[in-house]
Amino acid sequence: MEERNLTINRLATLSGLKQSTVNSIFNGASKRPTISTIRKLCQALEISVHEFFDFPPYNEVER
């Protein structure tokens with residue numbers, strides 16, 4: 001969102017999701033968004049689902 005200068009409200013509009021849904025995901029209130037919701041967010045952000053989950057701190061495997 002930051003790279004594309006989008007607000008939560010604008011992302012909700014672009015993704016076709018409710019603003020409250022997007023807000024709860026980004027504020028951590030929604031622990032398990034559905035894959036459908038994630039796909040809609042990715043389409044709005046113009047990224048793949050793989051890119052969405054490709055976050056370096058989470059890619060490190062604990063040993």
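Which residues does Ala44 touch, not counting residues up to four places away in sequence? I looked, and the list is Leu11, Leu14 and Ser15; contact here means heavy atoms within 4.5 Å.

**Ground rules.** I am working with a predicted model, where local features need pLDDT of at least 70, side-chain atom pairs count only at pLDDT 80 or more, and totals for chains, interfaces and linings use all residues. Residues are numbered from 1 along each chain as its sequence is written, and side-chain values use heavy atoms, with hydrogens and water left out.

**Confidence.** I checked pLDDT next, the predictor's confidence in each residue, from 0 to 100. The chain has a mean of 89, and 94% of its residues reach 70 or more. Confidence is highest in α1, at 97, and lowest in helix α5 (residues 56-59), at a mean of 71. Helices are DSSP runs (H or I, at least four residues), numbered from the N terminus.

**Helix α1.** I went through residues 8-15 and found Ile8, Leu11, Ala12 and Ser15 buried. Buried means under 20% relative accessible area, exposed over 50%, and partly exposed in between (1.4 Å probe, protein chains only). Why are they on the same side of α1? They are there because they cover an arc of only 100 degrees around the axis, taking directions from the helix axis to the C-beta atoms. An α-helix has 3.6 residues a turn, so residues three or four places apart point the same way. The buried residues of α1 pack against α2 (19-26) and α3 (35-45). After α1 comes Gly16, with a positive phi near 75 degrees.

**The core.** I then looked up the largest nonpolar core, which has 10 residues, including Leu11, Val22, Ile25 and Ala44. Such a core is a set of buried Ala, Val, Leu, Ile, Met, Phe, Trp, Tyr and Cys residues joined through side-chain atoms within 4.5 Å. Two or more of its residues come from each of α1, α2 and α3.

**Thr37.** This one lies in helix α3. Is Thr37 buried or exposed? I found it buried, with a relative accessible area of 13%. Leaving aside neighbours within four places in sequence, Thr37 is in contact with Leu17 and Ile25.

**Aromatics.** I searched the whole structure and got 1 aromatic pair. Phe52 and Phe53 form it edge-to-face, 5.1 Å centre to centre and 85 degrees between the planes. Rings of Phe, Tyr and Trp (its six-membered ring) pair if their centres lie within 6.5 Å; planes under 30 degrees apart count as stacked, over 60 as edge-to-face and the rest as tilted. Phe52 is partly exposed at 30% relative accessible area, and Phe53 is partly exposed at 48%.
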